[in-house]
Amino acid sequence: MNTVITIGRQFGSAGREIGEKVAAYFGIKCYDKELLSRAAKESGFCEEMLENHDERPTSSFLYNLVMDTYSFGYNASHFVDMPISHKVFLAQFDAIKKIASEGPCVIVGRCADYALNDLKNCVHIFIYGDEETKTKRIMGKYNVDAAKAKDMCIKKDKQRQSYYNYYSSKKWGRADSYDLCINSSVLGVEGTVKLLVQYIEDFEAKNQ
């Protein structure tokens with residue numbers, strides 16, 4: 001096994017769960033929130049700060065200014081004037097590159113496909129789902145009604161989209177930004193995992 005798998009996902013599509021199951025099948029690590037701990041440790045930011053900016057671009061100049069006074073990581077001169085949200089993105093960007101250089105793994109979200117664009121042993125996947133399936137999953141997971149679940153899906157996806165489109169040169173969720181886009185509602189979680197495993201194994205065989 002030599003492949004790094006990145007997974008972009010719509011909220012409610014079970015992208016993270018699918019990523020974890022794919023990683024378990026291949027016996028490799030899956031990074032989602034773990035990426036924040038790693039980025040915090042290596043950049044000198046506190047983890048809470050990374051969580052606050054996680055996949056959320058902020059355009060509030062004042063907020064960035066205030067937060068900058070608390071930031072002690074990345075002290076090089078060209079980092080000093082940079083908004084905190086940019087510094088957090090770079091900390092994650094660096095962590096993603098380091099993690100990928102250590103060996104095969106699954107990385108969920110956080111523009112990982114963009115960070116690893118030049119890596120040849122990478123498969124970039126986007127997982128989406130139909131509204132009904134996503135709504136049901138969010139209702140069950142967060143114990144909310146259908147209206148609230150739909151609202152959560154819309155808001156979270158807007159957040160992820162604006163973050164991705166802001167920091168990367170590609171478009172979030174658009175087919176030509178990835179190697180494979182798959183609707184997890186069609187085959188379900190297990191069926192999607194099975195399809196991805198086949199795809200990754202074929203990719204490995206072709207690139208040996």
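Helices (H or I, at least four residues) and strands (E, at least two) are taken here as DSSP runs, numbered from the N terminus. A cavity is, on a 1 Å grid over the protein atoms alone, a set of points where a 1.4 Å probe fits but cannot get out, and its lining residues have an atom within 4 Å of a point.

The model is predicted: local features need pLDDT of at least 70 and side-chain atom pairs pLDDT 80 or more, while totals for chains, interfaces and linings use all residues. Residues are numbered from 1 along each chain as its sequence is written, and side-chain values use heavy atoms, with hydrogens and water left out.

One cavity of 30 Å³ or more is counted. The largest cavity holds about 110 Å³ of space, a volume being the space filled by probe spheres set on grid points joined across faces, edges and corners. Its lining has 16 residues; nearest the centre lie Gly-8, Gly-109, Arg-110, Cys-111 and Tyr-164. Two or more lining residues come from each of β1 (4-9), α7 (112-115) and α9 (146-167). The most come from β1, which gives four.

The classes of the lining residues are as follows.

| Class (members) | Lining residues |
|---|---|
| Nonpolar (Ala, Val, Leu, Ile, Met, Phe, Trp, Tyr, Cys, Pro) | eight |
| Polar (the others, Gly among them) | three |
| Charged (Asp, Glu, Lys, Arg) | five |

Arg-38 sits in helix α2 (residues 34-43). Arg-38 counts as buried because its relative accessibility is 17%, buried meaning under 20% relative accessible area with a 1.4 Å probe and protein chains only. Beyond its neighbours within four places in sequence, Arg-38 contacts Tyr-31, Ala-95, Lys-98, Ile-99 and Glu-102, with contact meaning heavy atoms within 4.5 Å.

Terms used. 1 Å grid on protein atoms, 1.4 Å probe; cavity = no way out; pocket = protein on both sides within 12 Å on 5 of 7 lines; lining within 4 Å. Buried < 20%, exposed > 50% of the residue type's maximum accessible area, 1.4 Å probe, protein only.
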